[in-house]
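Let's walk through this one together, beginning at a single site and then stepping back to the whole chain.

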Amino acid sequence: MLLAIDVSNTNIKLGIYLGDVMKQHWVISTVQQRTTDEYAMLLNNLLRHVGYSFTDINAIVLASVVPPLTPVFQELAQRYCQQEACIITPDLDLGITLRIDNPQELGADRIVTALAVHHLYRGPSIVIAFSTATTFDVVGGDGSFLGGAIAPGLMISAEALSSAAAKLFRIELRPPRHAIGKNTIENMQSGIIYGHAGLVQGLIKRLRAEIPDVTDESQVNIIAHGGLVHSIAPFIPEIQHINQFLPLEGLRIAYTLLNLP
């Protein structure tokens, strides 16, 4: 079985694949201070809970945007699974062109997400990840990664607002009764939730207009994922698909394309 690991700043997504079929998936918190052995014990418990063990894993593919954890999971693969992890980097030939100024700056998570979108949805696409940051990835009709945008995420915006203003405080990230807030909490919820929705809608419009060979906005797929997607997607009608497994699916596809044993 293939173990796909997506290490991001907030969470680590894990997926077990048998062929093209995802058999199990999990999400654990990213903690840079955890050791190889600690992550191995977490994974071991998750596997045992569904009737698997390390011996069932015969391949591992990894995308990481947390550099200190990359060698941690490489060591986990070697010591506990007796496998060499395939590390996703911009240098790999995955059949998509990175049409940006410096491909080495591009995070592995964005590479595999673009790859998944190209294979699963086809056609020009905008992929929005609602996580620590809100990132926008633009994929051309030929699968090329054209670039994108990065904005502060919902949590970052909320924390910045409460920490920078003495009379404001932390709030629950849920929509208020109305856009016109009647108290401080509702004012903040309206600004953060609806304000972020407006930011996303505005960027979708701008990005969509710059995609080559697009003559009708309906040609562009709008796909969203990430830990905060369900908090904000209901207020963004432009979003057509929510797929929380995009990074894991991209890892699976990448491993297949590389023709690794």
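Leaving out neighbours within four places in sequence, Asp109 is in contact (heavy atoms within 4.5 Å) with Asp6, Ala63 and Val65. Before going on, note that this is a predicted model, where local features need pLDDT of at least 70, side-chain atom pairs count only at pLDDT 80 or more, and totals for chains, interfaces and linings use all residues. Residues are numbered from 1 along each chain as its sequence is written, and side-chain values use heavy atoms, with hydrogens and water left out.

Back to Asp109: UniProt, in an unreviewed entry, lists Asp109 under "active site"; such positions follow the numbering used here, feature names are shortened, and annotations may be inferred rather than shown by experiment. Asp109 sits in helix H3, residues 108-120. Helices (H or I, at least four residues) and strands (E, at least two) are DSSP runs, numbered from the N terminus. With a relative accessible area of 23%, Asp109 is partly exposed, a class that falls between buried (under 20%) and exposed (over 50%), using a 1.4 Å probe and protein chains only.

Now zoom out. The protein chain has 7 helices and 10 strands, and 47% of its 261 residues are buried. Along the principal axes, the C-alpha atoms fill a box of roughly 60 × 45 × 30 Å. As for how the chain folds back on itself, take contacts between residues at least 6 apart in sequence: 56% of them join residues at least 24 apart.
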